[in-house]
Amino acid sequence: FNTHGLQSSRLINKLQHLICCLTPGTPAAARNMSSFKSVPQVTQIRKSKQILVVKVMMDDGSAKTLMVDERQNVREVMENMFEKTHCDCNVNWSLCETNHELQLERFFEDHENMVEPLLAWTRDTENQVLFKEMPEKYEVFKNPQNFYLWKKDRKTLRDMKDKDKEILIKENFCGTSTIVPDLEGVLHLKEDGKKSWKQRLFQLRASGIYYVPKGKTKSSRDLVCFVQFDNVNVYYGQDCKSKYKAPTDFCFVLKHPQIQKESQYIKYVCCDDETTMKLWVTGIRIAKVNLTN
């Protein structure tokens, strides 16, 4: 891949090694930290003993069929996709889940079991599994300063040297546990069962997202838990501005994987811009990795 400030093969090799080390269940994980129609249609996924037949859609509209063992993680399935597609195998390639009815999309994490989320799909689902490039999947390892030093000015972030990026990665990912970015900001929250939105001051913690109630301070004792991460996945919302009258189209969504249709238990959060949305989605993903280690 090409990315500003990380052209050297030495850094690229380090990045790929670190990604492997972040996937729980690998030998490297033991030494270090750990490296998309709710049950699917028979034409999409068919269960036979311990094997699923999974139809994976490509960007050009074509499809590949994979035999997926229920014990396989996403990284192992991606290796099979690399063999089938003969693509360049760069770190941007992702397997993604789309929910047509809710208009949501997320990329599967490499350490996830591939089969479990698919078994939550309904028989009449239009969900799909996609194989496509999503550079934001590992952007935090290419430009960690954008996530851990996000309060600094853009020029400082843009001009950070490679050696300083490496230090940031080591400080936040190579200890006994992964450090979750210290995020805080005003976001728009969709009110339950309504197409109205209210502003809240949110804070990201390792266990979940918290907000400051109106008239209260930002001290820990006044914070209210908005959602905990142990039983939810984070998704990108699509067309939320037209569907839910969101202030912008830059929305992320938090829901339990078993929820496949409209529900009061789905949390919709709207950001002012794409950068803020990706900042929060990545922070949540990092926090969730901590929960699996």
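1. The accessible surface of the protein chain comes to about 14800 Å², and 49% of that surface belongs to carbon and sulfur atoms; such areas come from the Shrake-Rupley method with a 1.4 Å probe, and for residues only the protein chains shown count as cover.

2. This is a predicted model, in which local features need pLDDT of at least 70 and side-chain atom pairs count only at pLDDT 80 or more, while totals for chains, interfaces and linings use all residues. Residues are numbered from 1 along each chain as its sequence is written, and side-chain values use heavy atoms, with hydrogens and water left out.

3. The protein chain has ten helices and 13 strands, taken as DSSP runs numbered from the N terminus (helices H or I, at least four residues; strands E, at least two). Of its 293 residues, 53% are buried, where buried means under 20% relative accessible area, exposed over 50%, and partly exposed in between (1.4 Å probe, protein chains only).

4. C225 lies in strand β10 (residues 224-228) and is partly exposed, with a relative accessible area of 35%. Leaving aside neighbours within four places in sequence, C225 is in contact (heavy atoms within 4.5 Å) with I209, Y210 and Y211.
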